[in-house]
Amino acid sequence: MAILESGELKYEVSGEDWGDLPEGWTYKEATAVALDSKDNVYVFNRGGHPVIVFDSNGKFLRSWGEGEFPSPHGITIGPDDSVYLADVGDHTVRKYSVDGKALMMLDSKGRPSPAMSGDPFNRPTHLAVDPRNGDLYVADGYSNARVHKYSPDGKLLFSWGESGTGEGQFNIVHNLDVDKDGRVYVADRENHRIQVFDSQGKFEAQWVNLSRAACIHVDRQGNSLVYVGEYHAGIASNNTGTDLGPRITVFDTAGNVKARLGHHSFGDEAGRFYSPHGIAVDSKGDIYVAEVSWSDYGQFEDPPRQLRSMQKLVKQR
């Protein structure tokens with residue numbers, strides 16, 4: 001066990017994979033995590049069982065999606081407990097019930113749109129739901145530089161963004177979330193920042209001095225904190241540098257840093273991370289972090305090995 005403590009926040013973390021997987025199962029790597037209204041935990045992963053559901057104590061409840069997802073990437077659970085899944089392998093964003101019944105697919109053409117065309121989708125990465133009205137926002141993502149806004153029934157309303165480093169431009173629009181007032185927070189990963197927009201896509205602010213901002217979660221249940229997962233930003237010759245990620249930074253909604261969790265570089269030790277790729281927070285304030293440790297590290301080891309990819313930070317205060 002290790003303690004991660006910063007500002008007024010303190011967490012305990014084991015350094016082990018979280019969740020009691022059935023015998024013989026593996027995440028390979030967890031790519032995203034989300035919670036339903038009962039604090040059940042949904043882990044989207046690249047093992048043989050794409051959606052694995054646990055209770056908040058890590059007890060296995062069910063799985064679904066076997067054979068449906070070539071490259072799982074992002075998961076979101078809406079206010080009505082609908083489950084939204086983004087897959088970069090087949091360029092789809094789909095809506096499901098909590099038990100895996102397909103409900104809707106957004107803009108599926110059976111093929112990707114032209115790279116950097118601005119049209120949906122080319123390797124979409126994540127979806128967020130406006131809690132006020134059910135509007136949908138899609139980060140489109142690896143081979144586009146756009147955010148697309150949809151009505152709750154899947155009608156494309158408008159899009160914004162282009163490649164670049166300026167306001168409203170993106171360099172890997174990787175993850176996003178919406179606060180209780182409808183503001184959209186975008187993890188602009190390779191620009192090392194969070195950008196904040198209103199619900200019409202108008203730029204409002206940017207939060208800088210981040211490592212590679214890969215994932216974001218807005219806690220709408222009370223404390224209005226924003227949790228950002230960051231990749232390591234050091235180059236190979238500087239992989240022992242401190243305060244370069246991977247880590248979790250906690251902001252208030254005005255962009256003030258409240259805590260930074262994780263001081264050292266990547267590693268197996270409790271209190272360290274590999275590549276925080278998805279993040280969620282439950283009603284107790286515990287933080288769940290999904291990490292693409294195989295893609296970024298494990299496959300390059302000699303011999304290759306699967307690394308820890310799903311952590312829970314248990315809030316102490």
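Modeller: First, a term: contact means heavy atoms within 4.5 Å. Bear in mind that this is a predicted model.

Biologist: Fine. Which residues does Leu 313 touch?
Modeller: Leaving out residues up to four places away in sequence, Leu 313 touches Leu 4, Tyr 11, Glu 12, Val 13, Leu 261, Phe 273, Asp 286, Ile 287 and Val 289.

Biologist: And which residues touch the most other members of the largest nonpolar core?
Modeller: Tyr 227, Ile 287 and Leu 313, in a core of 18 residues. Elements giving two or more residues to this core include strand E1 (2-6), strand E2 (9-13) and strand E26 (287-291). E2 supplies the largest share, three residues.

Biologist: Switching topic. What is the strand order in the open sheet of four strands?
Modeller: The order is E3-E4-E5-E6, and the pairing is antiparallel. Strand E3 (30-35) and strand E6 (60-64) are at the edges with a single partner strand each, so one side of each has no neighbour in the sheet. From one strand to the next the twist averages 20 degrees.

Biologist: How many bridges join E5 to E6?
Modeller: Four, with E5 covering residues 51-54. Phe 54 has Phe 60 in E6 as its bridge partner.

Biologist: What about E7, buried or exposed?
Modeller: Six of the six residues of E7 (residues 72-77) are buried, so the strand is largely enclosed by the rest of the structure. E7 pairs with strand E8 (residues 83-87) in the antiparallel sense over five bridges; Gly 74 has Ala 86 in E8 as its bridge partner.

Biologist: What sits between E7 and E8?
Modeller: Five residues, as the two strands form a hairpin. In the turn, Asp 81 has a positive phi of about 70 degrees.

How values were computed. Residues are numbered from 1 along each chain as its sequence is written. This is a predicted model: local features need pLDDT of at least 70, side-chain atom pairs count only at pLDDT 80 or more; totals for chains, interfaces and linings use all residues. Side-chain values use heavy atoms; hydrogens and water are left out. Two strands pair if DSSP finds at least two bridges between them. Axes are lines fitted to C-alpha atoms, for helices over the stretch in contact, and angles run from 0 to 180 degrees between N-to-C directions. A nonpolar core is a set of buried Ala, Val, Leu, Ile, Met, Phe, Trp, Tyr and Cys residues joined through side-chain atoms within 4.5 Å. Buried means under 20% relative accessible area, exposed over 50%, partly exposed in between (1.4 Å probe, protein chains only).
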